[in-house]
Amino acid sequence: MAIVFDGRTAAQTKLQTIGERVAKLDHTPRLGILYPKENTSQETFSRVKQKAGEKIGIRTDLIEVGSHLDTEGICYLIGTVSDSYDGILVQLPLHYGVDRY
């Protein structure tokens with residue numbers, strides 16, 4: 001017997017559950033999303049994540065990463081902004097020349 005999995009309903013249920021947990025927090029969580037400025041598809045993915053975060057009560061900021069930054073520069077950027085956020089997401093892939101690990 002086949003099982004039909006409704007991914008849309010599962011995602012909505014999960015977002016609702018997370019939103020309820022977020023609402024119980026004593027502050028509004030903040031998420032910073034770093035994405036490669038020159039990559040429009042990564043910007044689109046980042047905006048989708050931003051929209052989902054805002055639906056559940058998480059303030060989300062998009063932070064452009066220019067191609068002039070190397071691995072060390074990106075690590076410095078993360079260190080600079082980390083005190084302003086509860087979490088930081090780095091949207092991969094970044095530009096050529098940036099170490100992945």
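This note goes through the sheet, the helices and a few residues of a predicted model.

1. Ground rules. The model is predicted: local features need pLDDT of at least 70, side-chain atom pairs count only at pLDDT 80 or more, and totals for chains, interfaces and linings use all residues. Residues are numbered from 1 along each chain as its sequence is written, and side-chain values use heavy atoms, with hydrogens and water left out.

2. The sheet. Three strands make an open sheet, ordered β2-β1-β3, with parallel pairing. β2 (59-65) and β3 are the edge strands, and each pairs on one side only. From one strand to the next, the twist averages 20°. Strands are DSSP runs of E, at least two residues; helices are runs of H or I, at least four residues; both are numbered from the N terminus. Two strands pair if DSSP finds at least two bridges between them.

3. The β1-β3 pairing. Strand β1 (residues 30-36) runs parallel to β3 and is joined to β3 by four bridges. Gly32 stands opposite Ile88 in β3.

4. Helix over the sheet. Helix α3 (residues 71-81) lies across β1, β2 and β3. Its angle to β2 is about 150°. Axes are lines fitted to C-alpha atoms, for helices over the stretch in contact; angles run from 0 to 180 degrees between N-to-C directions.

5. A buried serine. Ser46 sits in helix α2 (residues 40-55). Its relative accessibility is 0%, so Ser46 counts as buried. The classes are buried under 20% relative accessible area, exposed over 50%, and partly exposed in between (1.4 Å probe, protein chains only). Leaving out residues up to four places away in sequence, Ser46 touches Ile33, Tyr35, Leu62 and Gln91. Contact means heavy atoms within 4.5 Å.

6. Leu15. This residue belongs to helix α1 (residues 7-23). Leu15 counts as partly exposed because its relative accessibility is 32%. Leu15 and Thr44 are 29 residues apart along the chain, and their C-alpha atoms are separated by 20 Å.

7. A nonpolar patch. Ile88, Val90 and Leu92 make a nonpolar surface patch of about 200 Å². Patch residues have over 30% relative accessible area and no salt bridge; like charges are joined within 9 Å, nonpolar side chains (Val, Leu, Ile, Met, Phe, Trp, Tyr) within 5 Å. Areas come from the Shrake-Rupley method with a 1.4 Å probe; for residues, only the protein chains shown count as cover. A salt bridge puts a side-chain nitrogen of Lys or Arg within 4 Å of a carboxyl oxygen of Asp or Glu. Val90 lies in strand β3 (residues 87-90). At 31% relative accessibility, Val90 is partly exposed.

8. A cis peptide. Leu92 and Pro93 are joined by a cis peptide bond, with omega about 0°. Pro93 falls in the segment after β3.
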